[in-house]
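Please keep the sequence and the 3D view open while reading.

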Amino acid sequence: MYIDKNLCDICGTCAAVCRRNAILISEFEVFIDNNCKECGLCKSICPAQAIKSISEDSLSYSKRTVGDYYDVVIVGAGPAGTVTARYIAENGFSVLLLERDAEPGIPVRCAEGVSHNGIIPFIDIDEKWICAKIDGARLHAPNGESVEMYNNGTGYVLDRRVFDRALADLAVSKGAMLQTKSDAIALIKENEVITGVKFRHENSIYEVKCKIVIGADGVESQVGKWAGIDTCLKPADIETCCQYTVNNIKLESHLCQFYFGKDVAPGGYLWIFPKSDTQANIGVGIAGDRTSGGKGPRYYLDLFMEKHYPNASINYLVYGGVPTRAGNSFIKNNVMLVGDAAHQVNPITGGGTVQAMIAGKFCGETVSKALKENNISSKILNEYHDKWENHFGKYQRFLYSLKSKFFGFDDTKFNTIVSICKRIPRDELNLYRLFKETLSEDPLMLAQLAGSFIVSKLK
């Protein structure tokens with residue numbers, strides 16, 4: 001017996017009837033091990049008909065629910081993809097969202113923190129996808145000293161699964177078509193022009209034609225590679241990350257916490273994002289060029305957990321990568337990238353949810369304009385690039401240079417920064433003051449920081 005991964009929904013029905021404990025279930029996959037005696041009970045009861053005999057012919061159980069042509073096909077239904085789709089659909093154009101997982105928002109490869117001001121332009125606040133409200137942050141130096149900041153606005157720790165579903169529902173309500181369990185496997189090219197997407201859905205291969213393809217398929221973007229867009233990153237320009245969702249710990253649910261230092265997170269930081277007084281996402285991201293000696297992010301995370309939360313219950317483990325350097329290009333002919341696929345991430349914090357939605361708006365508006373004018377030339381589509389550049393692109397590159405300096409500090413410098421910040425009155429301490437102290441010996445970069453901070457506050 002084997003599992004057809006394109007059909008399996010990981011519902012667990014098969015494991016519930018297996019008398020030999022031969023079916024193993026992880027968060028993302030179901031396995032049948034050597035204890036299986038081919039009794040066929042799991043196969044007969046599987047609601048998705050995902051369990052097959054080895055000798056069984058490959059059959060298609062798919063009922064085609066999407067059309068053969070759309071104005072736009074978007075690969076990936078995270079925040080970048082769904083916001084892009086919404087702006088295109090509400091302008092009257094047909095758009096298909098292809099999502100490889102069973103629903104948007106899974107797996108959650110995110111610390112789930114966002115700012116109120118960042119998300120309010122895109123969706124009305126709903127308590128059902130808010131786990132905790134954040135009004136401050138505690139920064140921990142390598143020597144154990146810490147300082148708290150309370151002047152950077154309100155934030156939230158989300159339930160990303162529910163949040164992403166809400167964004168997808170908004171896109172669908174505007175007319176977008178969402179097709180889950182649909183894995184893009186190639187772009188269709190005719191006479192050297194991209195004319196559509198080939199995808200696998202429930203054990204069958206389909207082709208859908210379109211005018212424009214948008215890759216919202218994450219840091220690993222296959223769409224970008226297929227289109228010939230250089231999305232490859234140097235190890236130093238990606239944070240390699242590991243995160244636990246844990247229970248049975250004591251927290252102040254209004255505070256996010258961040259730890260710095262070479263023994264905690266070389267070239268990055270460790271975070272605690274509370275989801276309640278007893279539950280949190282605890283994770284670490286380290287620079288990709290700092291993983292020598294087999295010491296990856298989980299090594300540092302486990303050390304931290306053993307020291308600070310030895311009795312915590314670990315519910316989930318996820319790994320991920322975060323691009324920290326802006327992409328050189330995210331448009332080629334009629335193919336566009338958005339979100340992590342386009343490296344549209346804050347290089348210092350690694351946050352990308354809000355940036356993805358902003359980019360999705362710009363991308364959706366630009367595509368709608370091009371379709372209205374019946375002109376999908378590079379000149380028109382590159383207006384998306386210009387909008388992003390003016391809003392965040394230049395600032396992103398400055399933050400990258402600041403990141404290189406900030407995370408290049410030794411532990412003594414981190415200790416000094418926190419010590420100085422502790423002497424600043426609480427009502428005056430914010431991110432600008434923090435980085436002002438960080439750059440006290442670099443006047444040119446300090447001037448750039450001041451200008452960038454003012455510009456960011458005006459947007």
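The secondary structure of the chain amounts to twelve helices and 22 strands; helices (H or I, at least four residues) and strands (E, at least two) are DSSP runs, numbered from the N terminus. The model is predicted, so local features need pLDDT of at least 70 and side-chain atom pairs count only at pLDDT 80 or more, while totals for chains, interfaces and linings use all residues. Residues are numbered from 1 along each chain as its sequence is written, and side-chain values use heavy atoms, with hydrogens and water left out.

**Overall dimensions**

- The chain has a radius of gyration of 23 Å, which agrees with the value near 23 Å for a compact globule of 459 residues. The radius is taken over C-alpha atoms, and the globule rule is 2.2 Å times the number of residues to the power 0.38.
- The C-alpha trace spans about 70 × 60 × 40 Å along the principal axes of the chain.
- Of the 459 residues, 49% count as buried. Buried means under 20% relative accessible area, exposed means over 50%, and partly exposed lies in between (1.4 Å probe, protein chains only).

- All six residues of strand E18 (residues 269-274) are buried, so E18 is largely enclosed by the rest of the structure.
- Tyr269, Trp271 and Phe273 point one way from E18, whereas Leu270, Ile272 and Pro274 point the other way.
- Strand E17 (residues 255-259) pairs with E18 in the antiparallel sense over three bridges. Two strands pair if DSSP finds at least two bridges between them.
- Tryptophan 271 in E18 is the bridge partner of phenylalanine 258.
- E18 also pairs with strand E19 (residues 280-287), again antiparallel, over six bridges. Phenylalanine 273 stands opposite asparagine 281 in E19.
- E18 and E19 form a hairpin, with five residues between them.

**A three-stranded open sheet**

- Three strands form an open sheet in the order E7-E11-E8, with antiparallel pairing.
- Its edge strands, E7 (113-115) and E8 (130-134), each pair on one side only.
- The twist averages 30° from one strand to the next. Axes are lines fitted to C-alpha atoms, for helices over the stretch in contact, and angles run from 0 to 180 degrees between N-to-C directions.
- E7 and strand E11 (residues 155-158) are joined over three bridges in the antiparallel sense. Serine 115 stands opposite glycine 155 in E11.

**Cavities**

- The structure holds two cavities of 30 Å³ or more. On a 1 Å grid over the protein atoms alone, a cavity is a set of points where a 1.4 Å probe fits but cannot get out, and a pocket is an open set with protein on both sides within 12 Å along at least five of seven lines; lining residues have an atom within 4 Å of a point.
- The largest cavity contains about 100 Å³ of space. Grid points are joined across faces, edges and corners, and a volume is the space filled by probe spheres set on the points.
- Thirteen residues line the largest cavity, and Cys8, Ile10, Cys11, Cys14 and Cys46 lie nearest its centre.
- The lining of the largest cavity divides into ten nonpolar, two polar and one charged residue. Ala, Val, Leu, Ile, Met, Phe, Trp, Tyr, Cys and Pro count as nonpolar, Asp, Glu, Lys and Arg as charged, and the others, Gly among them, as polar.
- The second largest cavity has a volume of about 80 Å³, and its lining includes Leu139, His140, Phe260 and Leu434.
- Strand E9 (136-140) and helix H10 (411-422) each supply at least two residues of the lining of the second largest cavity. H10 gives the largest share, four residues.
- In the lining of the second largest cavity, ten residues are nonpolar, one is polar and none is charged.

**The second largest pocket**

- The second largest pocket holds about 300 Å³ of space. It is lined by 16 residues, of which Pro142, Asp263, Val264, Lys307 and His308 are the closest to its centre.
- Helix H7 (residues 297-308) gives the most to this lining, with five residues.
- By class, the lining of the second largest pocket has eight nonpolar, four polar and four charged residues.

**Asparagine 91**

- Asparagine 91 sits in the loop between helix H3 (79-89) and strand E6 (95-98).
- With 30% relative accessibility, asparagine 91 counts as partly exposed.
- The C-alpha atoms of asparagine 91 and leucine 371 are separated by 9.6 Å, although the two residues are 280 residues apart along the chain.
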